[in-house]
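Visitor: I should like to go through this model with you, element by element. Could you begin with the terms on which the account rests?

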Amino acid sequence: MARNSEKAQSMLFRFREAQAADLGIIDAGRSRRPRAITEQDSIPNCEKWRGQVIKDISRKVSRIQESALSDFQIRDLNDEINKLMREKHMWEVQIRNLGGPNYMRSGGKVYDESGKEIPGGGRGYKYFGRARELPGVKEMFEAAAKAKHDDEKPLEARADLRKQVDAAYYGYAPDEEDEKLLAYEAMKEREAFAALVDKAGPGAAELPPGWEALPGDAGDGLGWELPTMEEVQQELVERRRRKLLDQLTV
């Protein structure tokens, strides 16, 4: 009779073990992976264990699609996938703490050994494959989708916006230059100015020495007089000339 150690080394036993691991019945690499992840101090070893976890996730995600599984098996398999997702995150944190690459920049996306993205690989508890069709879970997703659809409002088209815009929107109201409105605004401006002067105290209304009111602010009926380009150029030349004369006299 062969010993247990001899059985473990036999070709048939290793083939059956690999076959069971591919089917997701047992996890042959689970016993070989260290449980104390934070005690690992080698980046290559952490990379190796993380890759093994990703392979296990990909294998179990493929198996959870099978129609022969019962609801209890699907729930157990979905729990195992979520546990593997948490273990993968812990390996990524340890790799980053050791100075290795930051795998968490991808926003929680998970890829299998062939480079394909595994759906549902984000943060929190996720439902994979047929787990989304379980009683209670399906209703939860439908309610969430309905609530999201109700909150989203369709964007208005540019033509719809133009229908609601008239001349008043751009400030061209028909009563904008009404004499009564202009007289009312002038009266309110005088009242506001008088209230400001009273609040500031006596002497606040007096202009400081050297103060010159701008045209249109002196109350003489004159409008704003903006200088022309020639006057601006002449003033600049005059300031430059005065500055040079001051430098020469010093």
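Guide: The expected span of a helix is 1.5 Å times one less than its number of residues. Helices (H or I, at least four residues) and strands (E, at least two) are DSSP runs, numbered from the N terminus. This is a predicted model, in which local features need pLDDT of at least 70 and side-chain atom pairs count only at pLDDT 80 or more, while totals for chains, interfaces and linings use all residues. Residues are numbered from 1 along each chain as its sequence is written, and side-chain values use heavy atoms, with hydrogens and water left out.

Visitor: In what order do the elements of the protein chain run from the N terminus on?

Guide: The protein chain contains 8 helices and 2 strands. Read from the N terminus on, the order is α-α-α-α-β-β-α-α-α-α.

Visitor: How far apart are the end C-alpha atoms of α3?

Guide: Helix α3 covers residues 43-63. Its 21 residues should span 30 Å at 1.5 Å a residue, and this agrees with the separation of its end C-alpha atoms, which is 30 Å.

Visitor: What distance does α4 reach from its first C-alpha to its last?

Guide: Helix α4 takes in residues 71-97, and Gly-99, with a positive phi near 95 degrees, follows it. For the 27 residues of α4, 39 Å is expected at 1.5 Å a residue, and the reach from first to last C-alpha is close to that, at 39 Å.

Visitor: What share of the residues in the protein chain is buried?

Guide: A residue is buried under 20% relative accessible area, exposed over 50%, and partly exposed in between (1.4 Å probe, protein chains only). In α3 the buried residues include Trp-49, Val-53, Asp-56, Ile-57, Lys-60 and Val-61. Over the 250 residues of the protein chain, the buried share is 17%.

Visitor: How many salt bridges does a search of the whole structure find?

Guide: Side chains of opposite charge can pair when their charged atoms come close. A salt bridge is a side-chain nitrogen of Lys or Arg within 4 Å of a carboxyl oxygen of Asp or Glu. One network of salt bridges links Arg-50, Lys-88 and Glu-92. For the whole structure, the search finds 8.

Visitor: How far apart are the closest N and O atoms of Arg-59 and Asp-56?

Guide: Arg-59 and Asp-56 are separated by about one helical turn, because they stand 3 residues apart in helix α3. Asp-56 is buried at 3% relative accessibility, whereas Arg-59 is partly exposed at 21%. The closest N and O atoms in their salt bridge are 2.3 Å apart.

Visitor: What is the N to O distance in the salt bridge of Glu-191 and Lys-188?

Guide: In helix α7 (residues 179-200), Glu-191 and Lys-188 are 3 residues apart and so separated by about one helical turn. Glu-191 is partly exposed at 41% relative accessibility, and Lys-188 is partly exposed at 38%. Their side chains meet at an N to O distance of 3.6 Å.
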